[in-house]
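Subject: Structure for your files

Hello,

The structure is pasted below, and my notes on it follow.

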Amino acid sequence: TDIIKKSAQNNLGVRVVNEERSIEQKVQDTALTQNKSFMAAILLFFLALISMSAASIVFCLIRKRQHGIMLVCGISKNELIRMDFLENIIITLLPAVVVWLIRQREIFGRLILHIKDMDMLIYPYWYAHCICLPFLFAAVVIFISFISGVIPAVIINNMSVADVIKR
């Protein structure tokens with residue numbers, strides 16, 4: 001109020017603004033839950049997790065007889081579980097690498113961009129796409145493969161050769 005009185009005495013126009021509300025609004029607008037791209041990525045991640053799990057379970061149940069024949073031939077249950085896990089990794093890793101390479105081509109104009117050929121203005125994009133993204137893809141692939149392989153591992157561990165081979 002002192003500022004308003006002094007400005008009135010000096011014929012100055014003063015406007016008092018409460019910055020707290022605008023700061024709170026900016027915080028709410030920039031929250032991760034308001035970011036549509038982030039929410040879409042989370043939903044797609046869970047969709048991929050659910051679909052991989054369902055496909056892995058169905059695939060394991062369909063191939064029950066083949067698993068039984070492999071057990072009769074001398075393959076251990078741990079080797080069957082490892083085989084299913086590696087199949088899940090290949091199924092999730094191959095599309096991730098292809099999409100990453102396509103995105104590299106769209107952003108940088110070529111698949112592999114060397115740091116010496118790069119303009120420093122695009123360094124953050126290069127770092128994000130060439131360094132961080134491959135590690136993120138690897139972590140997601142391993143996580144999805146592990147989660148989608150838990151139930152088939154339980155199915156394989158609980159099956160006996162006689163139950164599996166008969167129809």
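Ile147 is partly exposed, at 31% relative accessible area (partly exposed lies between buried, under 20%, and exposed, over 50%; 1.4 Å probe, protein chains only). Ile147 sits in helix α6, residues 123-158 (helices are DSSP runs of H or I, at least four residues, numbered from the N terminus).

This is a predicted model, in which local features need pLDDT of at least 70 and side-chain atom pairs pLDDT 80 or more, while totals for chains, interfaces and linings use all residues. Residues are numbered from 1 along each chain as its sequence is written, and side-chain values use heavy atoms, without hydrogens and water.

The largest nonpolar core has eight residues: Cys60, Met70, Leu71, Leu80, Ile155, Ile156, Met159 and Val164 (a core joins buried Ala, Val, Leu, Ile, Met, Phe, Trp, Tyr and Cys through side-chain atoms within 4.5 Å). Two or more of these residues come from each of α4 (64-72) and α6.

There are two salt bridges (a side-chain nitrogen of Lys or Arg within 4 Å of a carboxyl oxygen of Asp or Glu). Arg63 pairs with Asp84 at 4.0 Å, N to O. Arg63 lies in the loop between α3 (36-62) and α4, and Asp84 in helix α5, 21 residues apart. Arg63 also bridges to Glu87, with the closest N and O atoms 3.3 Å apart. Through shared partners, Arg63, Asp84 and Glu87 form one network. Arg63 is buried at 15% relative accessible area, as is Asp84 at 9%, whereas Glu87 is partly exposed at 24%.

Helix α5 is followed by Gly109, whose phi is positive, near 85°.

Regards
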